[in-house]
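Please have the sequence and the structure open as I talk.

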Amino acid sequence: MHSDAAAVNFQLNSHLSTLANIHKIYHTLNKLNLTEDVGQDDHQTGSLRSCSSSDCFSKVMPPRKKRRPASGDDLSAKKSRHDSMYRKYDSTRIKTEEEAFSSKRCLEWFYEYAGTDDVVGPEGMEKFCEDIGVEPENVFVYLTKHGVLLQELVPPDNTSKVVMLVLAWKLDAQNMGYFTLQEWLKGMTSLQCDTTEKLRNTLDYLRSLLNDSTNFKLIYRYAFDFAREKDQRSLDINTAKCMLGLLLGKIWPLFPVFHQFLEQSKYKVINKDQWCNVLEFSRTINLDLSNYDEDGAWPVLLDEFVEWYKDKQMS
């Protein structure tokens, strides 16, 4: 009996020793975060005690983790992302700087045509027109200063050249064919143009201003003072015909007839009152002249035109 009791105790001690070793292994793995958290209740302990060796192994082994990049790889990836972000930021910054108006760039642009002077003259103006994509002869009236007949360069029915007049208006230029430094900087700043490309992209906008009746009237009135000789109060008839052609040639059906009238008339000049009334006449009087009031406040010039035109129709 004594020997049987000793055998039982030996076997029990062996099982207890084995169980203790299993608990040591489990708690060691748990401290190393290599197994799932397991509650300390008897049921879970019993489950651990009753599991097979292969089941226990699968429970205590951690899920396979992705390899973290080596420190060199990590730094390289960060540098690549940083370089990419910097290139994107730098290109955006450069593009923004190019799009933003620069007074310095505008000044440098001016002297490309002015040379050492503080005014763009006829030669610089011709190059300027070529650069922005406008035919050189669009620098209309100023060429008369060099002995070129105005009507040969700007026929009355050609209004495509009017964009240069609109640009001069935006710059508030005082002398036809000349842009001073002050006019250039003030006008180009208002247009936000400091390069040839920017102005070329603005030409359609300048032409569109003529479609607004208020702007058109302002440009029309400006044209008289812009085109006349500054020591004269009136506009010579040749210049007047060409400027009227630019402004009214394509929008006033009676302009060709009015131009013929001016050519055969005794008038050598047109004053500002006559000039402004021609625009009003073109806007308000019917093509058959049926609503023209000879007793109205129209200048004699237009009375004579109406009489001449009616006689022409009857003959």
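This is a predicted model: local features need pLDDT of at least 70, side-chain atom pairs count only at pLDDT 80 or more; totals for chains, interfaces and linings use all residues.

Let me start with Asp-194, which forms a salt bridge with Arg-105, the closest N and O atoms being 2.9 Å apart; by salt bridge I mean a side-chain nitrogen of Lys or Arg within 4 Å of a carboxyl oxygen of Asp or Glu. This pair links distant parts of the chain, 89 residues apart, with Asp-194 in the loop between helix H9 (181-191) and helix H10 (196-200) and Arg-105 in helix H5 (residues 103-114). Helices (H or I, at least four residues) and strands (E, at least two) are DSSP runs, numbered from the N terminus.

Residues are numbered from 1 along each chain as its sequence is written, and side-chain values use heavy atoms, with hydrogens and water left out.

Is Asp-194 buried or exposed? At 1% relative accessibility, Asp-194 counts as buried, whereas Arg-105, at 25%, counts as partly exposed; here buried means under 20% relative accessible area, exposed over 50%, and partly exposed in between, with a 1.4 Å probe and protein chains only. The two residues also belong to a network of salt bridges that links Arg-105, Asp-194 and Lys-198.

The structure holds eight salt bridges, and another of them joins Glu-304 to Lys-266, with the closest N and O atoms 3.3 Å apart. Here too the pair links distant parts of the chain, 38 residues apart, as Glu-304 sits in helix H16 (residues 300-314) and Lys-266 in the loop between helix H14 (255-264) and strand S4 (269-270). Glu-304 is partly exposed at 26%, and Lys-266 is exposed at 59%.

Now to the packing of helices. Helix H8 (residues 162-171) and H9 pack at an angle of about 100°, with their axes 8 Å apart, where axes are lines fitted to C-alpha atoms, for helices over the stretch in contact, and angles run from 0 to 180 degrees between N-to-C directions. H8 and H9 are therefore roughly perpendicular to each other, a term that covers 65 to 115 degrees. In the contact (heavy atoms within 4.5 Å), Leu-167, Lys-170 and Leu-171 in H8 meet residues of H9 including Glu-183, Trp-184 and Met-188.

Technical notes:
Angles under 35 degrees count as roughly parallel, over 145 as roughly antiparallel, 65 to 115 as roughly perpendicular and the rest as oblique.
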